[in-house]
Amino acid sequence: MIRAKAEVEALTPYVAPLEGRRPLLRLDFNESNVGPSPRVLEAIRSLPPEAYGAYPEYAGLCAAYAETVGVPERHVEAFNGVDAAIRAIFDAYGEKGGTFLTTAPTFGYYEPCAQQQGMVIDEVLYPEDLRFPLAAITRKLESRPRLLFVCNPNNPTGTLLEPSTIAALARSAPETLVVVDELYVAFTGRSVVPLALELSNVVALHSLSKAAGLAALRLGFAIGHPTIVERLRRVTGPYDINMFAVVAGKAALADPDHTRRYVAEVLAARDWTVGELRRLGVRCAGEGGNYLLVWPSGDCEAAARALRDQGILVRSMARKPVIDGSFRLTIGTLADMRRFMSAFSTIAPPHSRSAR
Ligand SMILES: Cc1ncc(COP(=O)(O)O)c(C=O)c1O
């Protein structure tokens, strides 16, 4: 057998359960259960046959996203989902032996990308109260890591950092590329982008997977200094984004009200869910994003299984540092959350543990 390179042979891949989820109430991967704007479906249905046979054309896509975030087009590049942008960042900037600094627990795809590059991984644990470990990260930046990833809000803890704090971190470390994964920015409204544009070591990541309801089509964006954006383009294939994603992305961006309405509905449903969990005395956490961490009274894997038996998926956080014992709950519409609460209350009778 031909061995892959040593880093790949030693790799623990990022595995997500992907099959058989669609008939169930999906509250496990922070997707939209509502789907995209009807304009997306119309745009895809009206494609002529030649659109299928020709390589995709990209004109207008980055310009549309640049207009959405209010920056010049040269600051924006599109990717086959933010996963592909993350991959490009490691391909372009992840040197063997260089340090990859981040927090833990965080989004699971960063670590295998760093491992593939043979990077030294330095993860700072969130404290028990799940606040961002700012002092520790500030200290570690003094030794000039190659890359710092800040997931803001952090998935899965929901920890939210002020964009000005991130910009200050980046200014203190001009030799570190600071990547700000803002996948849930539609739900927080807080982005480092206006501040990051003047900095040559910051890049932000946005996606149409979640609030815009396009997870299946895979479309994400990197927004940052034109030099960084150009280096990421260098390591990306010429046709990595397929034509459906381009057409859907433009149609979704032309209907921002669809996303706005969905975000407003999710935020109201989040408040309602937090209130209900507190009433039951159940600990929950999460200040940003369309998700919460929930600590059921018993074993979190048993709770996830019991919910699945009632047709509801949540993501167990068993064995994750700091948040072991919890599950991540995606916030959907109020109807989704009412269904969740009625199932959850049958498996989690009220108990005395204090909510926070
Ligand atoms: C924090 C974070 N970053 C990146 C991604 C990947 O996003 P995309 O669907 O655009 O590849 C996810 C998906 O769940 C995420 O939660």
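In this predicted model, the protein contains 15 helices and 13 strands. Along the principal axes, its C-alpha atoms occupy a box of roughly 55 × 55 × 50 Å. The radius of gyration is 20 Å, which agrees with a compact globule, because a chain of 356 residues folded in that way would have a value near 21 Å. Of the 356 residues, 45% are buried. Contacts between residues at least 6 apart in sequence join, in 74% of cases, residues at least 24 apart.

The domain assignment divides the protein into domain 1 and domain 2. Domain 1 is built from two segments, 23-32 and 257-344, while domain 2 covers 38-255. Taken over C-alpha atoms, the centres of domain 1 and domain 2 are separated by 25 Å.

The two domains touch: 25 residues of domain 1 are in contact with 22 residues of domain 2. On the side of domain 1 that touches domain 2, α13 (256-279) and β10 (291-295) each supply at least two residues. The most is given by α13, with 7 residues. The composition of this side of domain 1, by residue class, is set out below.

| Class, side of domain 1 that touches domain 2 | Number |
|---|---|
| Nonpolar | 12 residues |
| Polar | 8 residues |

The size of an interface is often given instead as the accessible area lost when the parts come together.

Key
Residues are numbered from 1 along each chain as its sequence is written. This is a predicted model: local features need pLDDT of at least 70, side-chain atom pairs count only at pLDDT 80 or more; totals for chains, interfaces and linings use all residues. Helices (H or I, at least four residues) and strands (E, at least two) are DSSP runs, numbered from the N terminus. The radius of gyration is taken over C-alpha atoms; the globule rule is 2.2 Å times the number of residues to the power 0.38. A residue is buried if 20 or more other C-beta atoms lie within 10 Å of its own, exposed if 12 or fewer, and partly exposed in between; C-beta atoms are placed from the backbone. Two residues are in contact if their C-beta atoms, placed from the backbone, lie within 7 Å. Domain bounds come from an automatic or database domain assignment. Ala, Val, Leu, Ile, Met, Phe, Trp, Tyr, Cys and Pro count as nonpolar, Asp, Glu, Lys and Arg as charged, and the others, Gly among them, as polar.
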